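Student: I am new to this model and want to learn what its labels rest on. Can we go through them one by one?

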Amino acid sequence: PIGTTTYPGMQFASIGIWKVMKLLPKAEWEMKWLEQLPKGWKTYFPGHGKLSFSSMSLNDVCVLTPAWFGGVATLFLVLLTIEASESTSAGVAAGLVMAIIPAHMMRSSAGEYDNEAVAVACFCATFWLWCRSIRTPQSWPWSILAGLAYFTAAATWGGYIFVNNMIGLHAAVLVALGKNNSGLYKAYTLWYVIGTSLATLVPVIGWSPL
């Protein structure tokens with residue numbers, strides 16, 4: 001049956017977006033500043049100078065989901081780079097590279113409806129939230145969100161095991177370097193317990209993380 005032999009995260013994300021869009025009212029905006037442009041230029045803009053927002057068909061949502069999540073993945077990579085380097089410039093540079101790198105573009109093009117399209121955003125979010133949770137010994141509550149992000153990654157793609165191993169390795173290296181503290185212990189414990197317990201609810205994963 002569907003959902004027991006595949007990772008359902010991408011489908012749930014698309015359905016969720018579709019349902020939320022149906023609840024939002026239709027809106028239109030007139031870009032009056034375009035009137036200052038030479039005559040005829042307005043026809044080159046989408047909607048001929050009018051912006052509108054309304055619900056979409058499920059098919060259109062599925063087509064655009066990879067592009068939307070590609071932008072989300074780039075944003076989280078920027079945050080991760082800033083967190084790791086403490087440099088906004090490095091974060092912007094990382095975002096530019098992420099936006100044009102072929103491997104990411106292949107998975108973030110409209111119509112590329114594959115698990116990786118959503119999973120990359122979940123992976124980047126998990127790594128950023130993990131790093132954020134160990135910034136200081138008092139930052140450990142962020143690991144709750146990291147655990148939830150890990151669950152979304154596990155529900156979306158089988159590559160979630162890479163996230164599991166990388167965070168475990170990172171924590172082990174910090175301990176080996178003598179940089180462990182109570183905050184690291186709390187953050188890793190919370191992340192592992194929350195993330196793993198929720199991941200076991202995904203039918204295709206089951207008890208394999210344990």
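**Labels and their cut-offs**

Tutor: I161, F162, M166, L169, V173 and L177 make a nonpolar surface patch of about 550 Å². This is a predicted model, in which local features need pLDDT of at least 70, side-chain atom pairs count only at pLDDT 80 or more, and totals for chains, interfaces and linings use all residues. Residues are numbered from 1 along each chain as its sequence is written, and side-chain values use heavy atoms, with hydrogens and water left out.

Student: What makes a patch?

Tutor: Patches take residues with over 30% relative accessible area and no salt bridge; nonpolar side chains (Val, Leu, Ile, Met, Phe, Trp, Tyr) are joined within 5 Å, like charges within 9 Å. Areas come from the Shrake-Rupley method with a 1.4 Å probe, and for residues only the protein chains shown count as cover. V173 is one of the patch residues. V173 has 37% relative accessibility.

Student: Why does V173 count as partly exposed?

Tutor: Buried means under 20% relative accessible area, exposed over 50%, and partly exposed in between (1.4 Å probe, protein chains only). V173 is at 37%, so it counts as partly exposed. V173 is found in helix 7.

Student: What makes a stretch a helix or a strand?

Tutor: Both are DSSP runs, numbered from the N terminus: helices are H or I with at least four residues, strands are E with at least two. The chain comes to 8 helices and 2 strands. From the N terminus on, the order is α-β-β-α-α-α-α-α-α-α.

Student: How do you know that R135 forms a salt bridge with E83?

Tutor: A salt bridge needs a side-chain nitrogen of Lys or Arg within 4 Å of a carboxyl oxygen of Asp or Glu. The closest N and O atoms of R135 and E83 are 2.7 Å apart, so the pair meets the rule. The count by this rule is 1 salt bridge.

Student: Why does this pair tie together separate parts of the sequence?

Tutor: R135 lies in the loop between helix 5 (115–133) and helix 6 (142–156), and E83 in helix 2 (residues 58–85), so the pair links parts that are 52 residues apart in sequence.

Student: Is E83 buried or exposed?

Tutor: E83 is at 15% relative accessibility, so it counts as buried. R135, at 48%, counts as partly exposed. Setting aside residues up to four places away in sequence, E83 touches W128, C131, R132 and R135. Contact here means heavy atoms within 4.5 Å.

Student: What describes the packing of helix 6 and helix 7?

Tutor: Two packed helices are described by the angle and the distance between their axes. The axes of helix 6 and helix 7 (residues 160–176) come within 8 Å and cross at roughly 145 degrees. Y150, A153 and A154 of helix 6 meet Y160, V163 and N164 of helix 7. Those residues divide into 5 nonpolar, 1 polar and no charged.

Student: How are axes and residue classes set?

Tutor: Axes are lines fitted to C-alpha atoms, for helices over the stretch in contact, with angles from 0 to 180 degrees between N-to-C directions. Ala, Val, Leu, Ile, Met, Phe, Trp, Tyr, Cys and Pro count as nonpolar, Asp, Glu, Lys and Arg as charged, and the others, Gly among them, as polar.

Student: Why is E86 called exposed?

Tutor: E86 has a relative accessible area of 73%, so it is exposed. E86 also has a positive phi of about 55 degrees although it is not a glycine. Most residues other than glycine have a negative phi.
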